[in-house]
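The following exercises ask the reader to describe a structure step by step.

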Amino acid sequence: MKTLEELLAIKSVTKKTMLVREDIGDDKIKIVVGMGTCGIAAGARDVLNAFVDGVAEKELTNVAVTQMGCIDMCKYEPIVEVTVPGKEKVTYVNMTAEKAAKVIEEHIAGGEPVSEYIK
Amino acid sequence: MRELSLNILDIVENSVSAEASLVSIELTEDSHLNTLSVTVIDNGKGMTQEELLKAKDPFYTSGTTRRVGMGIPLFKMAAEQTGGTFSIHSVDGKGTLINAIFKTDSLNFKPVGDLHATVSALVSANPYVDFVLKYSVDNNEFVFDTREIKQKSEEIPVSSPDIVKWIRDFIEQNVNNLYGGVTDNENT
């Protein structure tokens, strides 16, 4: 059974990987998932959680997974925007948890956008 | 929406858009009355009486990107299709309360689903908003509060992937327990 005390253990590990990096700042890679009604109905929740899992698994410390509202491209939901500092924003469409894993691997960790998921 | 926890996510997104700093999600299931009550309370900017009337209309939205707003109508429909009820109260400048009661023995009742995934997604995307989940099934209750988590995690942001993952598992296990689920300890 998970207890709140377990958090303390996670905390000490996370603190080590965080080093002195502060939460705020433009040096972070931003993964932004569309969470309007259209996005949610299309599966955005699982996509967002898949990105969280991928970032945790790869122990990436410079990534923020966050959300945005509907951007009037509802038929392409779930939509995910990835912004790497100093590079142009990449918009992925019709995302799934599986596709998220590949984006983590190749784009977030590897630096190469996955062109087949880009509209 | 496939499951109620997705409707709940959609409704809480409204609270976040309304600049709430605290959102409480309360589920109360009564296995004798066969009812599930879902209440979302926020301290966001609320709605005027006029906006409140329009909120139930799918062809109204406070947003500007498109002309429809389906979140509230879909949730209302989900409850009413089970023979349940829906109500919304709001005070301009104070906050909004939405309650839906579902008849769980209706064929149209869809399962709550992965509420843990709903809460973890909300926490990851909105680390500066506090979320409370109160889930009770008959006499058992589970309460989750991000303010308590933040106190424990201190300088580590609650949106750190490790913490978010932990929150997801923590809620899943405790909610399963409400329904008499097997815990890790009992397994070993």
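**Exercise 1: Two helices of chain B**

α4(B) and α6(B) are roughly antiparallel to each other. The model under study is predicted.

*Task.* At what angle do helix α4 and α6 of chain B pack, and which residues make the contact?

*Solution.* 
1. Two packed helices are described by the angle between their axes and the distance between the axes.
2. Helix α4 (residues 115-125) of chain B packs against α6(B) at an angle of about 155 degrees, and the axes are 8 Å apart.
3. Angles over 145 degrees count as roughly antiparallel, and α4(B) and α6(B) are therefore placed in that class.
4. The crossing of these two helices, α4(B) and α6(B), is right-handed.
5. On the side of α4(B), the contact is made by Leu115(B), His116(B), Ala117(B), Val119(B), Ser120(B), Val123(B) and Ser124(B). On the side of α6(B), Val164(B), Ile167(B), Arg168(B), Ile171(B), Glu172(B) and Val175(B) take part.
6. The residues of this contact divide into eight nonpolar, three polar and two charged.

**Exercise 2: A helix pair across the chains**

*Solution.* 
1. Helix α3 (residues 44-57) of chain A and helix α6 (residues 161-178) of chain B have axes that come within 8 Å and cross at roughly 125 degrees.
2. The crossing in which α3(A) passes α6(B) is left-handed.
3. From α3(A), the contact uses Val52(A), Asp53(A), Val55(A) and Ala56(A). From α6(B), it uses Pro161(B), Asp162(B), Val164(B) and Lys165(B).
4. Sorted by kind, the residues of the contact are five nonpolar, no polar and three charged.

**Exercise 3: The side of chain A that touches chain B**

*Task.* How many residues of chain A are in contact with chain B, and which element gives the most?

*Solution.* 
1. In chain A, 30 residues are in contact with 35 residues of chain B.
2. The elements of chain A that give two or more residues to this side are α1 (5-18), α2 (37-42), α3 and β2.
3. α3(A) gives the most, with eight residues.
4. The residues of the side of chain A that touches chain B divide into 15 nonpolar, six polar and nine charged.

**Exercise 4: The sheet of chain A**

*Task.* In what order do the strands of chain A stand in the sheet, and which strands are at the edges?

*Solution.* 
1. Chain A has four helices and four strands. Starting at the N terminus, its elements run α-β-α-α-β-β-β-α.
2. The four strands form an open sheet in the order β2-β1-β3-β4, with mixed pairing.
3. β2 (63-68) and β4 (90-92) of chain A each have a single partner strand, so one side of each is left without a neighbour in the sheet. These two strands, β2 and β4, stand at the edges.
4. From one strand to the next, the twist averages 20 degrees.
5. β1(A) pairs with β2(A) in the parallel sense over six bridges; in β2(A), Ala64(A) is the bridge partner of Lys30(A).
6. Strand β1 (residues 29-34) of chain A pairs with strand β3 (residues 80-83) of chain A in the antiparallel sense over four bridges. Ile31(A) has Val82(A) as its bridge partner in β3(A), and Val32(A) stands opposite Glu81(A) in β3(A).

**Exercise 5: Chain A as a whole**

*Task.* What percentage of the residues of chain A count as buried?

*Solution.* 
1. Of the 119 residues of chain A, 35% count as buried.
2. Among contacts in chain A between residues at least 6 apart in sequence, 68% join residues at least 24 apart.

Terms used
Residues numbered from 1 in each chain as written. Chains lettered and ligands numbered in written order. Predicted model: local features only at pLDDT ≥ 70, side-chain atom pairs only at ≥ 80, totals over all residues. Pairing = 2+ DSSP bridges. Axes fitted to C-alpha atoms, helices over the stretch in contact; angles between N-to-C directions. Left-handed = near helix turned anticlockwise from the far one by under 90°. Contact = placed C-beta atoms within 7 Å. Nonpolar A, V, L, I, M, F, W, Y, C, P; charged D, E, K, R; others polar. Parallel < 35°, antiparallel > 145°, perpendicular 65-115°, else oblique. Buried ≥ 20, exposed ≤ 12 C-beta atoms within 10 Å, placed from the backbone.
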